[in-house]
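Let's take a friendly walk through the inside of this protein. Have the sequence and the structure open as you read.

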Amino acid sequence: MNEKVKKMTTVAMLCALAYLVMLIIRFPLVAAIPFVKYDPKDIVISIGGFIFGPVTSFAISVIVSLIEMVTVSESGPIGCLMNVISTCSFTCTAAYIYKKKHSIKGAVTGLIVGTLTMTATMLLWNYLITPIYMGFPRQAVAEMLLPCFLPHNLLKGAINAAVTMLIYKPVVSGLRRGHLIADTKKSEKKSNVGVMLVTAAILITCIFVVLVLNGTLK
């Protein structure tokens with residue numbers, strides 16, 4: 001199997017996995033905006049971007065969003081556009097920075113900047129687009145930006161970043177064992193245990209915050 005076929009096969013697998021996790025895991029992070037749901041497809045797309053670069057992140061995002069639009073989405077082309085903008089602002093940013101600085105520090109920096117970029121981008125686009133496809137007055141949407149959309153996007157980015165950091169190495173190792181990507185282990189440093197522990201703590205904190213915001217924990 002040549003390298004081009006290997007890449008196409010791996011990208012197809014990542015597209016299928018991203019779509020599958022989107023179907024299985026969908027829930028609101030902030031109870032005040034139940035129509036805005038979280039799903040973990042950005043984690044899979046981020047891993048694809050870390051392996052192959054930001055262009056691959058963009059391609060997977062568009063493919064999965066289009067399939068989602070024609071199968072399970074109720075928001076049509078506008079929802080598809082919002083999906084692509086949200087996913088690409090996070091995953092392409094993270095992948096671009098990681099491509100420039102291929103290290104744990106680069107990955108962490110990319111994911112943090114990706115989270116902040118996505119949050120800022122989606123605050124703007126929620127203000128511009130949400131009144132159109134949800135039928136809400138623009139003023140009402142503006143009043144929800146800071147108390148609702150801001151925590152949703154920060155939590156979404158933090159969860160995606162934390163899980164990406166935790167599972168990236170095992171996923172890449174599995175793909176290497178399957179000879180789907182090149183084995184470059186000798187040139188890479190081992191995972192930083194301290195970073196993994198901090199990442200796990202961030203993920204646990206996010207879970208508790210979500211439970212509190214949704215009234216599960218009082």
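This report looks at the nonpolar cores and then at one pair of packed helices.

## The model

What you see here is a predicted model.

## The main core

The largest nonpolar core holds 40 residues. Leu29, Ile33, Phe50, Leu111, Phe149 and Ile159 have the most contacts inside this core. Two or more residues each come from helices H2 (41-52), H4 (76-100), H5 (104-134), H6 (138-177) and H7 (193-213). Of these, H6 gives the most, with 15 residues.

Once neighbours within four places in sequence are set aside, Ile159 is in contact with Leu29, Tyr38, Leu203, Cys206 and Val210.

## A second core

There is also a separate core of 11 residues, with Val11, Cys15, Met22 and Val64 among them. In soluble globular proteins, nonpolar side chains tend to be buried together.

## Where H1 meets H3

Helix H1 (residues 3-24) packs against helix H3 (residues 54-71) with the axes 10 Å apart and an angle of about 45° between them. Because of that angle, H1 counts as oblique to H3. The crossing of the two helices is right-handed.

On the H1 side, the contact is made by Lys7, Val11, Leu14, Cys15, Ala18, Tyr19 and Met22. Their partners in H3 are Thr56, Ile60, Ile63, Val64, Ile67, Glu68 and Thr71. By type, the residues of this contact comprise 10 nonpolar, 2 polar and 2 charged. Val11, Cys15, Met22 and Val64 take part in this contact and also belong to the second core.

Definitions and conventions. Residues numbered from 1 in each chain as written. Predicted model: local features only at pLDDT ≥ 70, side-chain atom pairs only at ≥ 80, totals over all residues. Heavy atoms only, no water. Core = buried A, V, L, I, M, F, W, Y, C linked by side-chain atoms within 4.5 Å. Buried < 20%, exposed > 50% of the residue type's maximum accessible area, 1.4 Å probe, protein only. Helix = DSSP H or I, 4+ residues; strand = E, 2+ residues; numbered from the N terminus. Contact = heavy atoms within 4.5 Å. Axes fitted to C-alpha atoms, helices over the stretch in contact; angles between N-to-C directions. Parallel < 35°, antiparallel > 145°, perpendicular 65-115°, else oblique. Left-handed = near helix turned anticlockwise from the far one by under 90°. Nonpolar A, V, L, I, M, F, W, Y, C, P; charged D, E, K, R; others polar.
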